[in-house]
Amino acid sequence: MSYEAFMSAPKIAIYVETTIVSYITARPSRDPFLLGCQQLTRRWWRQDRGKFSLFTSQVVRDEAGRGEPLMAKRRSQVLKGISNLDFNDDVDALAKAILKKAPIPAKAADDAFHI
């Protein structure tokens, strides 16, 4: 989907990043803060996601598909039916510029595409 279509969506558009699908599918955390994030995200997903136009990217799908096979499958299932935003030269150039200027570790380089 193009940026123009994303911005002209009739509902408020939300980019679903990997953290969201991880919170939805992960085993309950023992960390109280993370557990709260999981619970809030799951509740929003069940009750409110239909109020928004959801979008994701191939970067998110790739990240979600990594790791423990069962959990990767669960994350991928959550992403089914969500439209991908198209990548183009502008997106690539912006991500590279962010990586040059922002304190993003090399192992998290994909985060520049989310930004």
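In which order do the three strands of the open sheet stand, and is the pairing parallel or antiparallel? I found the order β1-β2-β3, with parallel pairing.

**Basis.** I worked from a predicted model, in which local features need pLDDT of at least 70 and side-chain atom pairs count only at pLDDT 80 or more, while totals for chains, interfaces and linings use all residues. Residues are numbered from 1 along each chain as its sequence is written, and side-chain values use heavy atoms, with hydrogens and water left out.

**Overall.** I counted seven helices and three strands, taken as DSSP runs numbered from the N terminus (helices H or I, at least four residues; strands E, at least two). Along the sequence I read the pattern α-β-α-α-β-α-α-β-α-α.

Strands pair if DSSP finds at least two bridges between them; β2 (residues 53–56) and β3 have two, in the parallel sense. F55 stands opposite S83 in β3.

**Helices α2 and α5.** I looked up the axes, which are lines fitted to C-alpha atoms over the stretch in contact, with angles from 0 to 180 degrees between N-to-C directions. Those of α2 (residues 18–25) and α5 (residues 69–79) come within 9 Å and cross at roughly 115°. The contact (heavy atoms within 4.5 Å) is made by V21, S22, I24 and T25 of α2 and M71, R74, R75, V78 and L79 of α5.

**Helix α6.** I checked the 13 residues of α6 (residues 89–101): at 1.5 Å a residue, times one less than the number of residues, they should span 18 Å, and the end C-alpha atoms are 18 Å apart, which agrees.
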